[in-house]
Amino acid sequence: MPAPGKGAGHWRRTDGILYPGRDPRTSLHPVPPATDTASVTGCSAGHAARATPHITTPVRPPPKGGGRAASQAQDGGLRRPALGNAPAGRITLEHFPLTDARILVTGVAGFIGAAVARRLLDTGLGVVGIDNLNAYYDVRLKQARLAELAPLPGFTFEKLDLADRAATASAFSRHRPTHVVHLAAQAGVRYSIEHPETYVDSNLVGFGNILEGCRHQKTEHLVYASSSSVYGANTTLPFSVGQNVDHPISLYAATKKANELMAHTYAHLYRLPVTGLRLFTVYGPWGRPDMAAFLFTDAIWHGRPIKVFNNGDMLRDFTYVDDVVDAVLALLPRPAAPDAAWSGARPDPATSAAPYRIYNVGNHAPEPLMALVSQIEDALGRKAKLEMEPMQAGDVKATFADVSALAEAVDFAPRTPLKEGIGRFVAWYRDIYLPRIAGQP
Ligand SMILES: NC(=O)c1ccc[n+]([C@@H]2O[C@H](COP(=O)([O-])OP(=O)(O)OC[C@H]3O[C@@H](n4cnc5c(N)ncnc54)[C@H](O)[C@@H]3O)[C@@H](O)[C@H]2O)c1
């Protein structure tokens with residue numbers, strides 16, 4: 001075995017914990033010369049066939065004047081605030097090529113799934129996308145996201161309900177994904193109060209089927225969406241992955257916490273590398289119509305009053321969608337590794353002796369709800385009519401992400417200011433959503 005901490009097969013985190021593989025912090029942002037070799041080492045003992053490096057391939061520099069991204073730029077393909085359109089400086093898998101990877105993205109017609117798939121496709125990777133296109137919100141928006149992805153080379157879509165065990169198993173055996181980004185879920189805190197059954201079906205049964213698929217196909221890495229809502233009744237801010245999260249206050253949150261527990265079991269029993277991302281209030285172009293940024297924008301634009309809960313006395317760590325995509329792409333080629341320093345006597349909730357990791361993905365900059373309202377007002381050039389409402393059952397008053405674990409792991413943290421992100425969201429709403437999707441020129 002190489003000497004620990006000498007860079008020969010191990011790297012040491014700033015807190016002293018030793019990890020197998022190459023130090024990911026040394027190679028995230030700079031693009032190494034074409035002759036360099038990127039080696040991302042997995043650790044899945046149970047994945048015996050790939051006990052040696054999961055991904056060992058020359059690092060390609062970004063295309064210079066060639067490649068699909070460049071030709072799209074020339075033909076205007078990147079001019080709009082398109083799905084996952086990666087602005088300069090954004091992470092792409094050109095930094096961490098997944099040669100021969102077969103990537104499955106679930107929830108691909110959804111807000112974040114479509115953005116992740118777009119970035120992977122723009123990078124030149126193939127994506128199999130799955131979604132059941134349910135009617136939780138306007139299906140035209142889901143279809144419009146798919147219509148953006150459909151012409152891109154390498155994209156395959158399957159309409160499929162992940163709660164259908166046989167259909168999900170069949171999809172896994174046909175596509176044999178090496179990497180899975182699982183974003184399909186029944187989202188929404190408030191909806192879970194009226195429709196608990198859909199959360200049980202999609203988030204518990206569906207997640208179980210994803211784990212089984214990954215287990216049988218010996219998937220190299222499962223990255224899945226958890227949620228900031230798992231912090232539930234916790235009040236210590238910022239929320240950190242080291243906190244105990246045993247007090248969810250909505251069924252939605254309970255299903256996400258359950259996903260983390262189920263994932264740990266598969267990491268332990270089958271050595272399936274799993275990384276859970278606790279996402280904090282994601283917003284941006286192609287966003288969800290049931291979330292505050294969209295609801296407020298739509299109401300203000302049409303002159304309707306907006307409902308402001310808890311009299312506006314709420315703080316949210318609003319996270320821009322491209323930052324979330326960056327985090328997914330940074331983590332995907334790095335299968336979760338066992339934490340050699342993990343102790344059952346003093347268990348760290350965010351790591352394990354199994355290949356299991358939990359990260360917060362937030363902006364680390366909570367904003368008052370009323371700041372969101374005024375940013376939207378400014379971007380639209382219209383004033384909001386406010387209707388103050390009491391706190392909603394199941395809602396939390398404040399969210400604020402401690403993203404230090406993510407920063408340590410991949411030297412990256414989301415950092416798009418709210419004003420910038422809302423500007424891009426409102427531009428999409430006016431230029432694309434209203435005329436092309438809602439049919440309101
Ligand atoms: N957007 C946020 O602020 C946020 C915050 C925390 C966590 N998350 C999580 O991130 C993930 C993506 O969220 P989003 O905002 O893109 O939501 P979304 O609703 O836009 O996307 C989810 C997609 O999954 C699909 N889906 C749901 N159940 C399915 C099933 N049983 N089979 C197949 N497809 C199914 C839906 O049709 C939808 O297109 C979800 O897991 C969500 O819980 C999102």
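This is a predicted model: local features need pLDDT of at least 70, side-chain atom pairs count only at pLDDT 80 or more; totals for chains, interfaces and linings use all residues.

Trainee: Fine. How many helices and strands are there in the chain?

Mentor: The chain has 12 helices and 17 strands. Those are DSSP runs numbered from the N terminus, H or I of at least four residues for helices and E of at least two for strands.

Trainee: And what share of the residues counts as buried?

Mentor: 47% of the 441 residues. Buried means 20 or more other C-beta atoms within 10 Å of the residue's own, exposed means 12 or fewer, partly exposed is in between, and the C-beta atoms are placed from the backbone.

Trainee: What about contacts between residues at least 6 apart in sequence, what part of them joins residues at least 24 apart?

Mentor: 76% of them. A contact here is two C-beta atoms, placed from the backbone, within 7 Å.

Trainee: Which residues have the most contacts inside the largest nonpolar core?

Mentor: V116, V328 and L406, in a core of 108 residues. Helix 7 (residues 251-270) is the top contributor to this core, giving nine residues. A nonpolar core is a set of buried Ala, Val, Leu, Ile, Met, Phe, Trp, Tyr and Cys residues joined through C-beta atoms within 7 Å.

Trainee: Let's move to the ligand. Which residues are closest to it?

Mentor: G107, G110, F111, A185 and A225 are the closest of the 28 residues that surround the ligand. To count, a residue needs its C-beta atom, placed from the backbone, within 6 Å of the molecule.

Trainee: Which elements give two or more residues to that shell?

Mentor: Helix 2 (111-122), strand 6 (127-131), helix 6 and strand 9 (221-227). Helix 2 gives the most, with three residues.

Trainee: How does the shell divide by residue type?

Mentor: Into 14 nonpolar, 10 polar and four charged. Nonpolar covers Ala, Val, Leu, Ile, Met, Phe, Trp, Tyr, Cys and Pro, charged covers Asp, Glu, Lys and Arg, and the others, Gly among them, are polar.

Trainee: You mentioned a helix pair. At what angle do helix 4 and helix 6 cross?

Mentor: Roughly 35°, with the axes of helix 4 (residues 165-175) and helix 6 (residues 196-217) coming within 9 Å. Axes are lines fitted to C-alpha atoms over the stretch in contact, and angles run from 0 to 180 degrees between N-to-C directions.

Trainee: Left-handed or right-handed?

Mentor: Right-handed. That is the name when the near helix is turned clockwise from the far one by less than a right angle, and anticlockwise makes it left-handed.

Trainee: Which residues meet there?

Mentor: From helix 4, R165, T168, A169 and F172, and from helix 6, N209, E212, G213, H216 and Q217. That contact has two nonpolar, five polar and two charged residues.

Trainee: Now N259. Buried or exposed?

Mentor: N259 is buried, because 26 C-beta neighbours lie inside 10 Å. N259 belongs to helix 7. Leaving aside neighbours within four places in sequence, N259 touches N203, F207, Y224, S226 and G276.

Trainee: And which residues does D395 contact, beyond four places in sequence?

Mentor: V189 and F309. D395 lies in the loop between strand 17 (385-389) and helix 11 (404-410), and D395 is partly exposed because it has 14 other C-beta atoms within 10 Å. The C-alpha atoms of D395 and G232 are 8.4 Å apart, though 163 residues separate the two along the chain.

Trainee: Where is H364 found?

Mentor: In the loop between strand 15 (356-361) and strand 16 (367-368). H364 is partly exposed, since 19 C-beta neighbours lie inside 10 Å.

Notes: Residues are numbered from 1 along each chain as its sequence is written.
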